[in-house]
Amino acid sequence: MKLSPFLLAGASAIFIAACSQGEDSIEIEATMPPAETADTETAEPETAEPEAPAETPVAHAATYSIEPTHAFLSFTVMHNGLSEYTVDFTDFDATLDFDPDAPEASTLTARINPLGLNVNYRADYKAGHPDSEYDTWPEALSKDSRFLNATEYPEITFVSTSVTKTGENTGTVTGNLTFLGATRPVTLDVTYNGVGSAPWYGERSLIGFDATTTISRSAFGQDSLPGIISDEVVIEFSGEFLENEE
């Protein structure tokens, strides 16, 4: 069978067109950019610069007074050799001249009201002591001549005479303690706890101390109830001093 020249020409045209389309497809594929892969590296996030450490506060060289809402003073004796009996003073104040660069030059004066006591006495005092002239045990402990005798001696005082530095934050304060009308030298072991501040005090410094000493009550003329109350009395303080306003 003979093919028509028209059929041969049409077939040739279709073949040429098909080849042309294949070449165009190959060229397009060759020019496409490569797809990103999972191994493509990502940029490292920038890290913030570390903050500079806060400056350590330094106490001002100034005159300070007890901050009364954060100060605690107590004395402790042994009772019948069986337990430590602790009494808190609730009315006391102190003035401190303090220079952190020259702590040995510091001076301290303190005043205690022996009528201001807090005693953990959970009983009816009058029921147990019907003949007592006092209504409560704190009143008896304050006013009775066998104890603090506040009616005759309404104030206990301490005035420093020297300060010695014994360590980076420790020292001793020696001074004269006046109690029951007698004045005797006493040495306090002191720890300086550091300096702080509070926004409501503005630029004024707050400094903290712990102090302790042991005295002999008989050295001040109090020798009542031997064997029931120990002669040794441990005195402890922990509290804050606030820089005085100018």
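**View 1. Antiparallel pairing of strands E7 and E8 in the predicted model.** Strand E8, which covers residues 182-196, pairs with E7 in the antiparallel sense, and the pairing runs over 10 bridges. The phi angle of Leu-180 is near 55°, a positive value in a residue other than glycine. Leu-180 counts as buried because its relative accessibility is 15%, and the cut-off for buried is under 20%.

**View 2. The hairpin of strands E6 and E7.** Strand E6 (residues 156-165) and strand E7 (residues 170-179) are paired in the antiparallel sense over eight bridges, and four residues stand between them in the hairpin. One of the pairs to look for in this view is Val-159 with its bridge partner in E7, Asn-176.

**View 3. Leu-225 in the loop between E9 and E10.** The loop that holds Leu-225 lies between strand E9 (206-216) and strand E10 (232-243). Leu-225 has a phi near 50°, again a positive value in a residue other than glycine. With a relative accessible area of 29%, Leu-225 is partly exposed.

**View 4. A salt-bridge network of Asp-91, Asp-93 and Arg-111.** Salt bridges link Asp-91, Asp-93 and Arg-111 in a network. In the bridge between Asp-91 and Arg-111, the closest N and O atoms are 3.4 Å apart. This pair links distant parts of the chain, 20 residues apart, with Asp-91 placed in the loop between strand E2 (83-89) and strand E3 (92-98) and Arg-111 placed in strand E4 (residues 107-112). Asp-91 is partly exposed at 29% relative accessibility, and Arg-111 is also partly exposed, with a relative accessible area of 23%.

**View 5. The salt bridge between Glu-139 and Lys-143 in helix H3.** The side chains of Glu-139 and Lys-143 meet in a salt bridge with an N to O distance of 3.4 Å. Because these residues are four apart in helix H3 (residues 137-143), about one helical turn separates Glu-139 from Lys-143. Glu-139 counts as partly exposed at 23% relative accessibility, as does Lys-143 at 28%.

**View 6. The salt bridge between Asp-144 and Arg-146.** Here the side chains of Asp-144 and Arg-146 meet at 3.1 Å, N to O. Asp-144 is buried, with a relative accessible area of 12%, whereas Arg-146 counts as partly exposed at 39% relative accessibility.

Note on methods. Residues are numbered from 1 along each chain as its sequence is written. This is a predicted model: local features need pLDDT of at least 70, side-chain atom pairs count only at pLDDT 80 or more; totals for chains, interfaces and linings use all residues. Side-chain values use heavy atoms; hydrogens and water are left out. Two strands pair if DSSP finds at least two bridges between them. Helices (H or I, at least four residues) and strands (E, at least two) are DSSP runs, numbered from the N terminus. Buried means under 20% relative accessible area, exposed over 50%, partly exposed in between (1.4 Å probe, protein chains only). A salt bridge is a side-chain nitrogen of Lys or Arg within 4 Å of a carboxyl oxygen of Asp or Glu.
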